[in-house]
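Dear colleague,

Please find the structure below, followed by a short account of what was found in it. I would be grateful if you could read the two side by side.

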Amino acid sequence: MVLKTAKGSAGIWLTDSAGRTLYLNTEDTKKASDCYDKCAKEWPPLTTTKPVTVTGKYTVPSSVGTITRTDGTQQVTYGGHPLYYYKGDTAPNQIKGQGIDNKWFLIGPIANIMNGSKP
C-alpha cells in the first residue's frame, strides 16, 4: 500500500493510492483509536495487512506505522495519528470531512493537523 499527497484549495494532504482523502481524529492517541462501532461506519479506518510506504512532496517515510485495533486489525498511522476515510467523500481528492465536529481534519505531509481550512 502506498500513501501519497494531493493538492487543492486546502493545501497538500495525504491520500491513499487511489486518491481517497485520509483524515485524523484529534481525540485519538498515538497508541489507540477512539473510533469504533457507529463512528467507524462514518469514518472507516485505513487498515492494512501489507507494508505501507508514503511518497510525495514533503512526506516523511519514517512517519508511517500501524496500531492494533481492538478487533486485531492493523490501522495505518502517520506521525502517530491513526488514519481514516470519510464515507461522505465519494470521489478522489474530495475533502467533505474536513473540520467535522471540530475533531476530524486532513493530515498534511509532515503529519500536521490541517485545522485551518474547511471546504
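In which sense do β3 and strand β9 pair, and over how many bridges? Strand β9 (residues 104–107) and β3 run antiparallel to each other, with three bridges between them.

Please note that this is a predicted model, in which local features need pLDDT of at least 70 and side-chain atom pairs count only at pLDDT 80 or more, while totals for chains, interfaces and linings use all residues. Residues are numbered from 1 along each chain as its sequence is written, and side-chain values use heavy atoms, with hydrogens and water left out.

Strands (E, at least two residues) are DSSP runs numbered from the N terminus, and two strands pair if DSSP finds at least two bridges between them. The order β3-β9-β10 describes an open sheet of three strands with antiparallel pairing. Its edge strands, each pairing on one side only, are β3 (23–25) and β10 (113–114). Leucine 24 has phenylalanine 105 in β9 as its bridge partner.

Strands β6 (residues 64–68) and β7 (residues 74–78) are also antiparallel, joined over five bridges. Glycine 65 is bridged to threonine 77 in β7. Five residues lie between the strands of this hairpin, where glycine 72 takes a positive phi near 90°.

As to contacts (heavy atoms within 4.5 Å), leucine 83 has several partners beyond its neighbours within four places in sequence, including Leu3, Leu22, Pro45, Tyr78 and Ile107.

Yours sincerely

Terms used: Helices (H or I, at least four residues) and strands (E, at least two) are DSSP runs, numbered from the N terminus.
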